[in-house]
Amino acid sequence: MSQSIYIALAGILSIISMPIILKICKKFSLYDYQNARKIHSGNIPRLGGVGIFLSFIIASVVFLSINDVSNLNKILPIMIAGTIVFIFAVLDDLLTLPALAKLIVQLIAVSVVVFNGFRFKQIFSWVLPTPVSLILTFGWILGVINAYNLIDGLDGLCGSFSISAIITLGVLYMLTGNPEFILCFILAAAVFGFLCFNWPPAKLFMGDAGSQFLGFMISVFPLFESNDVFEFNKFLIMIVITAFPVFDTIAAIWRRLRDKRPIMSPDRSHLHHKLLNMGYTKKSALYLLCFLQILLCTSVIISYFLGARRGMALLIESTAFVTLFFSFVHYTNRAIIIKQKKEALKEQKASENEDSEKTE
């Protein structure tokens with residue numbers, strides 16, 4: 001059976017499941033409510049991640065069962081861990097779990113993967129000592145899970161970042177001869193079905209169940225062993241592919257530590273919020289970030305053809321580009337905020353002067 005059939009199966013299941021999820025959410029009032037981080041208005045159903053997860057799991061199990069049962073044992077730890085992340089994220093969507101409980105569950109899921117041999121084993125030509133490898137991999141997976149959760153604040157944004165990263169990994173695995181590429185494309189198809197309902201104006205959100213599950217899968221998919229070129233640059237490749245969510249999360253953590261606020265407290269200072277404050281519409285901000293994400297993913301694929309060391313140079317340049325972009329947006333937004341505060345102060349003083357003149 002052609003591999004494309006399994007990809008199509010995931011996409012069809014995803015597209016079919018979304019209207020059903022919409023009806024269920026509306027029936028039981030399972031909506032995404034506004035807070036200090038979110039910019040949507042109205043009641044939007046929030047369990048689109050359920051459709052993504054089920055579509056991926058069903059299509060993947062069918063593929064692995066029919067083609068090579070031995071591969072199921074290899075992927076099983078990731079499937080189990082991903083299911084753990086998903087189930088507790090759904091509970092969080094429904095019940096709002098404490099942050100510590102979510103962290104403990106994520107640590108359990110990461111442990112399932114890492115202690116079954118999935119970890120970063122080298123950075124460039126440096127073979128990592130086991131303790132360093134374990135700490136790095138734990139930090140990486142936990143960080144990416146929460147990075148994709150935090151970036152999910154604009155219609156179509158988390159889904160677009162996810163599908164581009166997953167397809168890029170799939171292409172790299174095709175080039176390296178890894179059979180896991182089909183799993184990447186199956187997940188991408190499941191995300192595509194969701195994006196049909198999440199593209200602005202969104203009819204459905206993925207919720208924490210979707211963003212955390214996707215963050216987990218994106219963080220663990222590159223941990224399969226591959227050829228020398230991919231292994232040499234693997235960590236840097238993943239930094240580039242996930243640059244926007246990861247850099248935005250690092251900036252958010254620094255911002256909250258600086259302001260002496262809880263790290264998990266919501267705010268409206270994420271990358272997309274800054275672009276909106278700079279005058280971009282929701283759609284134009286989404287299109288800009290998608291375009292830049294595609295450029296980064298393209299640079300990653302090109303870097304593979306350049307070989308290990310020349311590819312490394314291109315990846316470093318791509319990382320520098322993202323750093324410059326974040327810096328430009330940050331300082332431009334800060335200048336706008338300062339200007340807005342000055343204008344507000346002027347208006348306040350003018351209003352006070354008018355009031356004093358009237359009293360005289």
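In which helix is Ile16 found? Notes on that and a few other spots follow.

1. Ground rules. This is a predicted model, so to speak a computed one throughout: local features need pLDDT of at least 70, side-chain atom pairs count only at pLDDT 80 or more, and totals for chains, interfaces and linings use all residues. Residues are numbered from 1 along each chain as its sequence is written, and side-chain values use heavy atoms, with hydrogens and water left out.

2. Ile16 sits in helix α1, residues 3-27. Helices here are DSSP runs of H or I with at least four residues, strands are E runs of at least two, and both are numbered from the N terminus. Ile16 also belongs to a nonpolar surface patch of about 490 Å², together with Ile12, Ile20, Ile24 and Phe28. Such patches take residues with over 30% relative accessible area and no salt bridge, joining nonpolar side chains (Val, Leu, Ile, Met, Phe, Trp, Tyr) within 5 Å and like charges within 9 Å. The areas are Shrake-Rupley values with a 1.4 Å probe, and for residues only the protein chains shown count as cover.

3. Ser29 isn't a glycine, yet has a positive phi of about 55°; look for Ser29 in the loop between α1 and β1 (31-32). Then there's the cis peptide bond from Pro200 to Pro201, with omega near -5°. Pro201 is in the loop between α7 and α8 (207-220).

4. Second largest pocket. Its volume is about 610 Å³. On a 1 Å grid over the protein atoms alone, a pocket is an open set with protein on both sides within 12 Å along at least five of seven lines, a cavity is a set of points where a 1.4 Å probe fits but cannot get out, and lining residues have an atom within 4 Å of a point. Points are joined across faces, edges and corners, and a volume is the space filled by probe spheres set on them. Of the 27 lining residues, Ala251, Arg255, Ser269, Lys274 and His330 are closest to the centre. Two or more residues each come from α10 (243-258), α11 (271-277) and α13 (308-359), with α13 giving the most, 9 residues. The lining splits into 10 nonpolar, 8 polar and 9 charged, where Ala, Val, Leu, Ile, Met, Phe, Trp, Tyr, Cys and Pro are nonpolar, Asp, Glu, Lys and Arg charged, and the others, Gly among them, polar.

5. Cavities. There are 2 of 30 Å³ or more in the whole structure. The largest share, 4 residues, is from α3.

6. Salt bridges. I'd check Glu180 and Lys74, whose closest N and O atoms are 3.0 Å apart; a salt bridge is a Lys or Arg side-chain nitrogen within 4 Å of an Asp or Glu carboxyl oxygen. The whole structure has 9.

7. Aromatics. The structure holds 22 aromatic pairs. Phe120 and Trp140 have ring centres 5.8 Å apart and planes at 80°, so they are edge-to-face. Rings of Phe, Tyr and Trp (its six-membered ring) pair with centres within 6.5 Å; planes under 30 degrees apart are stacked, over 60 edge-to-face, the rest tilted.
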